[in-house]
Structures are given as structure tokens and as C-alpha cells.
Amino acid sequence: MPRTRSLAWSELKIGVLSAAAVVIASVTVFMLTGGRGFFWERYVLKTRFSNIAGLKAGSPVRLAGLDVGSVQSVDLSGEQVDVTFEVNKRYRGQITTESVAVLGSISLLGESAVDVTPASRGTPIPDGGFVRPGVTAATLTDVTNSAGQGITELTGLLRDMRGGKGTVGKLVTDEQLYVELQRFVTTANDLTTGIKQGKGSVGKLLNDPKVADALESALRNIDEVTRKLNAGEGSLGALLKDDRFSKSLTSTTNNLDTLVAKLNRGEGTAGKLINDPALYNRLDGLTEKLDQLLVRLNNGDGTLGQLLKDKQLYENMNKTVSDMSGLIAELKEFVAKVEKDPKKYLNVKVGIFAW
């Protein structure tokens with residue numbers, strides 16, 4: 001009987017130690033997993049990446065750098081990869097429709113994690129919902145590939161330079177280009193020296209105090225003219241400052257607007273000319289008849305056309321005009337003789353009547 005009680009107590013001690021070990025193990029696991037919580041404290045979310053780059057089941061899920069869950073599975077879906085992960089429910093309010101999931105790295109060895117950005121705005125994503133994927137930062141592999149590509153391009157550039165390709169290549173390999181560049185540098189040095197010594201217009205401008213004084217005087221004159229304009233002095237100043245001119249200009253503009261409005265409404269002769277098609281047609285017909293008349297004149301039709309085209313008719317008319325001018329001159333001379341000695345001509349006329 002005492003042996004049986006001892007055996008029962010031993011079994012009890014083993015059971016107590018086993019329970020304590022389970023509790024310690026559970027606490028240890030909970031402490032190691034951080035804020036992930038127990039399985040009943042988690043809910044499932046999903047996201048989608050084009051390349052998971054070493055992400056696998058069990059990889060951590062971080063919210064602003066804090067471990068809040070773990071990856072459950074990764075499944076290929078067409079050209080994309082669906083990632084299913086669990087997150088502690090207490091962070092549900094910080095993972096919303098405004099949050100973004102990107103691939104993060106745990107170390108330089110290629111181990112990846114899912115980084116979720118917290119967002120206070122938006123609606124919390126429900127259980128099984130998708131977190132919007134974001135642009136993943138470049139990984140060490142990407143940097144290595146970019147560096148390798150850059151080294152390749154640099155090697156090709158050096159090869160082209162040695163072969164004399166491009167401007168830099170020609171500068172390195174072409175002796176004539178080097179000589180011309182050296183000559184250009186020498187010329188630039190000479191030009192700089194000449195400017196420092198006051199040679200040329202630029203040199204005088206930089207070194208001659210008279211030129212500087214003249215430039216300063218011109219600037220003072222400009223300042224004075226500007227001051228007078230701002231003060232309303234002179235004709236231009238009065239033009240800028242006079243309110244009457246502004247009102248007059250405004251009145252003129254209003255009158256012009258009124259005139260344009262009347263023209264658009266067809267008022268007055270000019271308005272009718274612009275808007276009345278009948279008046280335009282009559283004017284167009286008159287212009288057409290005038291064109292026909294000018295054509296007939298150029299062709300020599302009619303008296304006026306013959307006068308313009310027939311040289312003999314022109315000479316005859318010119319001769320007639322000349323004869324008429326001579327006749328008028330003789331009449332004037334006769335009238336002058338009569339006025340000078342009227343008795344002579346009157347006696348002759350009386351004698352004729354007396355006969």
C-alpha cells in the first residue's frame with residue numbers, strides 16, 4: 001500500500017512538470033513570435049506580387065517594421081503570385097484600403113518579408129481581403145544586376161574611347177584635335193589677358209573709369225526719367241498719370257464698340273453695305289458693268305474707245321483743238337483792234353449800210 005501511494009505521487013510530479021513545460025514552451029513561443037498572437041487571435045489577408053524573391057511560408061509580416069503575422073502560403077496565379085498571410089486582429093484598424101503591401105528584406109542573404117504600411121484613413125480590410133500591392137524597392141540582386149550592366153557599358157565606352165569614337169575618343173586619340181584645343185586655350189588666355197590690360201571694348205568697359213562713369217551717368221539719367229514719369233512730369237508722364245486721358249480713351253473705346261454694334265445691326269449706310277445682301281448685289285453688279293465698260297474701252301469699242309485706241313482720231317481732234325485755239329486767238333486780236341480804234345471799223349460798217 002505505501003508503495004502505491006509513492007508511485008502515484010511520482011506520476012503526479014511528472015504531470016506537473018509536463019504541464020509546466022508546456023506553459024513555459026507556450027510563453028516562449030508567444031514571446032518569440034512577438035505580436036503575432038495565438039491562432040485564434042489572427043485573421044487572413046492576401047496580396048499579389050509579380051515576383052516574391054525568396055518569400056516563403058513562415059516569412060514574417062511586418063506593419064511599420066513590427067512583426068504582426070506570418071505568411072501562410074504562396075501560390076502561382078497566372079503571371080502573378082498570390083501571397084496569403086495572417087495578421088493579429090488587434091491591428092485590423094490600421095490595415096485599411098489605403099494600406100500598401102510591398103516585399104521587404106530581412107537580411108542580405110535574400111530572405112524576404114511582407115511589409116504593410118499602416119493607414120488610419122480608409123476602411124479596414126475584411127477577413128480574406130486583398131491588400132493593395134505597392135512598388136517594391138530594389139533588392140540586392142537588382143543592384144548587382146544594375147552594377148554589372150553599368151560596368152559593361154563603362155567597358156564599352158572605354159573601348160570606344162580607345163578606338164577614337166565620339167568626341168572624347170577623338171580628343172584622346174586625334175593629335176590634330178588636341179593641337180587645336182591647345183591653340184583655343186592659348187587664345188582664350190590671350191583674350192583674358194587683353195581684357196585685364198584694358199584692350200578692346202570689353203577691356204575698356206572693365207578697366208576704364210571714364211566708361212564706368214559714363215555708364216553710371218546713363219543709369220542715373222534713366223532713374224531720373226523713370227522718377228519723372230512716375231511723378232507725372234512731362235508729356236509722357238501726363239499721358240500715364242492723367243485720369244482725363246484714361247477717361248477719354250475709355251470713351252473712345254465705348255464709342256467704337258457702339259459703332260461696331262450699329263454696323264453689326266445693319267444701321268447706317270456702312271451697316272447696310274455690310275449686312276444687306278441686296279445692296280451688296282447691286283454694288284457687285286455695278287462693279288461688273290464697270291469692268292465690262294473698261295474692257296470695251298480697252299478693245300476700242302465706241303467713240304471713247306476709238307478715241308483711246310485710234311491715233312489718227314486723236315491727232316485730228318488735237319488739230320481741231322489747235323485750229324480752234326488759233327481762231328480764238330485771232331478773234332481776241334480783232335477785238336483788241338476794235339477796242340483800240342473803233343471808228344475805223346465803225347466807218348466801214350456805216351459805209352456799207354449807206355450803199
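**Entry 1: the whole chain**

I began with how far apart in sequence the touching residues are. Of the contacts between residues at least 6 apart in sequence, 54% join residues at least 24 apart. I kept in mind that this is a predicted model. My tally of secondary structure came to 13 helices and seven strands. I also looked up burial: 16% of the 355 residues count as buried.

**Entry 2: the sheet**

In what order do the seven strands of the open sheet lie? I read it off as β1-β4-β3-β2-β6-β5-β7, with mixed pairing. Next I checked the edges, where I found β1 (42-49) and β7 (132-133). Each has a single partner strand, so one side of each is left without a neighbour in the sheet.

**Entry 3: β5 and its two partners**

I then went to β5, which covers residues 100-105. It pairs with β6 (residues 112-116) in the antiparallel sense, and I noted five bridges between them.

On to β7: it runs parallel to β5, and two bridges join them. Here I marked V100, whose bridge partner in β7 is R132.

Is β5 largely enclosed or left open by the rest of the structure? I found it largely enclosed, because five of its six residues are buried.

**Entry 4: β2 and its neighbours**

β2 was my next stop. It pairs with β3 in the antiparallel sense over four bridges, and I found P60 opposite S70 in β3. With β6, β2 pairs in the parallel sense over three bridges, and there V61 stands opposite V114.

I also looked at which way the β2 residues point. P60 and R62 point one way, while V61 and L63 point the other way. I had them all down as buried.

**Entry 5: A64 in the hairpin**

Which residue takes a positive phi in the hairpin of β2 and β3? It is A64, and the hairpin has two residues between its strands. I put the phi of A64 at about 55 degrees, and I made a note that A64 is not a glycine. A64 lies in the loop between the two strands, β2 and β3. I looked up its accessibility too: A64 counts as exposed because its relative accessibility is 63%, and the cut-off for exposed is over 50%.

**Entry 6: the largest nonpolar core**

I turned to the interior next. In soluble globular proteins, nonpolar side chains tend to be buried together. The largest nonpolar core here has 21 residues, and V83, V87, I95 and V114 touch the most other members. I traced where the members come from: β1, β2 (60-63), β3 (66-77), β4 (80-88), β5 and β6 each supply at least two residues. β4 gives the largest share, four residues.

What is V87 in contact with, leaving aside its neighbours within four places in sequence? I listed E41, R42, Y43, L45, V61, V68, G69 and I95.

I finished with α9 (residues 268-275) and α10 (residues 277-299). Their axes come within 6 Å and cross at roughly 85 degrees. That makes α9 roughly perpendicular to α10, because angles of 65 to 115 degrees count that way.

I wrote down the residues that meet: T269, K272, L273 and N275 on the α9 side, with P277, L279 and L283 on the α10 side. By type, the residues of this contact divide into four nonpolar, two polar and one charged.

Definitions and conventions: Residues are numbered from 1 along each chain as its sequence is written. This is a predicted model: local features need pLDDT of at least 70, side-chain atom pairs count only at pLDDT 80 or more; totals for chains, interfaces and linings use all residues. Side-chain values use heavy atoms; hydrogens and water are left out. Axes are lines fitted to C-alpha atoms, for helices over the stretch in contact, and angles run from 0 to 180 degrees between N-to-C directions. Angles under 35 degrees count as roughly parallel, over 145 as roughly antiparallel, 65 to 115 as roughly perpendicular and the rest as oblique. Contact means heavy atoms within 4.5 Å. Ala, Val, Leu, Ile, Met, Phe, Trp, Tyr, Cys and Pro count as nonpolar, Asp, Glu, Lys and Arg as charged, and the others, Gly among them, as polar. Two strands pair if DSSP finds at least two bridges between them. A nonpolar core is a set of buried Ala, Val, Leu, Ile, Met, Phe, Trp, Tyr and Cys residues joined through side-chain atoms within 4.5 Å. Buried means under 20% relative accessible area, exposed over 50%, partly exposed in between (1.4 Å probe, protein chains only).
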